[in-house]
Every structure is written in C-alpha cells, then in structure tokens.
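Below are some notes on the model you sent. Please read them with the structure open.

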Amino acid sequence: MINFISGILGGIIRAIYNVVEHNYLIALLIFTLLTKLILFPLMLKQLKSTAGIQKIAPEDKKLREKYKDNPIKLNEELTKLYADNKISPMAGCLLPIIQIPIILAMFWVVRQPLTYIAQMDQGQINFYTAQYLNVEESEVTEKVAKAYEISIAKEYNLLDMNVGSKINLGDTPKDAFSKDETKKVSKWCLVIPVLTLLFSILSNQITMRKSKKTMTEDQAEMQKSMNIMMPLLSTYIAYTWPLALGVYYLFGSILGIGQQLLIDKLMEDKDEKKDNKKEKKNKVLFLGKGENND
C-alpha cells in the first residue's frame, strides 16, 4: 500500500517539478501546500471535535468519578453526554489515519527519487547504478540500486535537486560531520534540523495552550512527554534523512502553525458572536419582564 501511495505522491511532485521548470525545492513546497489545503477540512473537523471535548471535560470528569465502579453505566452516560453535545470522539482520529501513510510514503519518495519522482524503470536505474559503481549491470541487485538512487541522481543530474551551489536536497545533514570527504556536505544543511526542532516546539506550544486547562493530571503528564519526544524525533529524522524530507516536514509544520492560528481565530470569532447573540437575547427578555412588571 505504501508503495502505491509513494507512486501517486511521486507522480504529483513530478508534475509540479515539470511545471516549475525543474525546481525540486519549489515543487516540494507547492506539494506540501497542496496536501495541507486538501487535508484542511479534516483538520478543522478534528479541532472542532477537540474543542467540543475540552468544553465538556468537567462534566466528563464528574461522570468518570461518579461511575468509576460501574463501567457499563459510565459508558451509557458518556455516550449520552457526547450525543447531547453533538460530539463524535472518532472525528479527531481520521486526520492522523490519513496523514500517517502520507508521511511514511514520503520516506520512500525522497529516498528513491528516480523510482517515484523521475519515474524511471528498474532497468534504467540498474544501468546507471552499474556505471556509477563501475560493475557489470548483471551484478546490480534491486536492493543495491535503491541504496544508490540519490547518488546516481546527483552524479548524472537525472533530477535537479540543487539549491544554490552548495546544497543538494539529496544531501543528508549528518554527513556535514562525515570524515569521508566524498560524503561530506555543507554545514548549511544543519539549518533544516535546527529549524525543524524550533518549529516543532512552537507548534506543540500553540496546539496545547488551550487544552492544558482541561487536562487531567495523567493526560498532562503524557502530553509533557510527547512535547519532548515528538520534536526530538522529527529533528532526528530531519538530521538523518535527505534534506528533501526535512524541508517537507519543516514547511508542513510552518503551515500547520498558520492553520492552527487561523482556526483558533475563526472559532474565537464564532464563540464571540454566540455570546453576543445570547447577551442580546437575555437583554430583550430582561426588558420584556421589566415592561410586564410596569
């Protein structure tokens, strides 16, 4: 399934790459923007669901304490609570379910750009691999060919991954410290992992700033661990994988922060309008009672 998804994503990137005159960086940025726009309705639905769950959190907590020894009754009451407030607990699960295969597929796409983006057949890749390694084509296995796809793309310019004169999106940031001069890359590559760490932390802070108030102690402790682990994991990936993946993840984080701020603003405006409407209604009722009393 991941191979199938990788083929689709690679084909989309290839189409964008051709339109933007073979600029791999711009193609990746546009592709990331497109995925965010397509998934935006699901993100909005997820955040609405999360906001609804946070709103009923005090009632949820009371029910859990009241029926902690009666799981059947607790389940009935929680189901009723969610139904009354028109909240679907599963609404927030759809976005991660879709995002995970996309992220996994992107690992394959950036590691095997000739297969998924240049869309070369295995025979062509084997031919270039044999030339690159200076061996007979019959000696090249599919596993070896996959391992050398980025190197081959660089060597024969089969996919223009250059950003300026010193950086190539096929470069791996960790190789900035390589003792092998043939593998060594520019230290400018380290900017991507550093920015990935900073924006991952910022994204967590923005996402969690409202939900902290309604979390239980266990949830808060779990979230604290996640806030440490996830930025470190994303930074590790950006450091040990080709820059193309780091750029995709970093730009996705930046767009995600923008989406989060936009949705927060929209929801705040919506809540403010509801409060104003409610206040006007109460005022009318109050004035009406006053007139009746007179």
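The points below go from the overall fold to helix pairs, the surface, salt bridges and backbone angles.

1. Basis. This is a predicted model, in which local features need pLDDT of at least 70 and side-chain atom pairs count only at pLDDT 80 or more, while totals for chains, interfaces and linings use all residues. Residues are numbered from 1 along each chain as its sequence is written, and side-chain values use heavy atoms, with hydrogens and water left out.

2. Overall content. The protein chain holds twelve helices and two strands, where helices (H or I, at least four residues) and strands (E, at least two) are DSSP runs numbered from the N terminus. Their order along the sequence is α-α-α-α-α-α-α-α-α-β-β-α-α-α. Of its 294 residues, 37% count as buried; buried means under 20% relative accessible area, exposed over 50%, and partly exposed in between (1.4 Å probe, protein chains only).

3. Helix 2 and helix 5. The axes of helix 2 and helix 5 (residues 94-111) come within 10 Å and cross at roughly 165 degrees. Helix 2 is therefore roughly antiparallel to helix 5. Axes here are lines fitted to C-alpha atoms, for helices over the stretch in contact, with angles from 0 to 180 degrees between N-to-C directions. Angles under 35 degrees count as roughly parallel, over 145 as roughly antiparallel, 65 to 115 as roughly perpendicular and the rest as oblique. The crossing of helix 2 and helix 5 is right-handed, that is, the near helix is turned clockwise from the far one by less than a right angle.

4. Helix 3 and helix 4. For helix 3 and helix 4 (residues 71-84), the axes come within 10 Å and cross at roughly 165 degrees, so helix 3 is roughly antiparallel to helix 4. This crossing is right-handed. Lys61 belongs to helix 3 (residues 57-66).

5. Nonpolar surface. Phe4, Ile8, Ile12, Ile26, Ile30, Leu33, Leu34, Leu37 and Ile38 make a nonpolar surface patch of about 800 Å². Helix 1 and helix 2 are the elements giving two or more residues to the nonpolar patch, and helix 2 gives the most, with six. Patches take residues with over 30% relative accessible area and no salt bridge, joining like charges within 9 Å and nonpolar side chains (Val, Leu, Ile, Met, Phe, Trp, Tyr) within 5 Å. Areas come from the Shrake-Rupley method with a 1.4 Å probe; for residues, only the protein chains shown count as cover.

6. Salt bridges. The whole structure has four salt bridges, each a side-chain nitrogen of Lys or Arg within 4 Å of a carboxyl oxygen of Asp or Glu. One of them joins Lys73 to Glu77, with the closest N and O atoms 3.2 Å apart. Another pairs Lys80 with Asp84 (3.2 Å, N to O); both residues lie in helix 4, four residues apart, about one turn of the helix. Lys80 is partly exposed at 48% relative accessibility, and Asp84 is exposed at 52%. Glu142 and Lys146 also form a salt bridge (3.5 Å, N to O).

7. Most residues other than glycine have a negative phi. Which phi does His22 have, positive or negative? His22 has a positive phi of about 60 degrees, and sits in the loop between helix 1 (2-19) and helix 2 (24-55). Gln119 has a positive phi of about 55 degrees, in the loop between helix 6 (113-116) and helix 7 (122-133).
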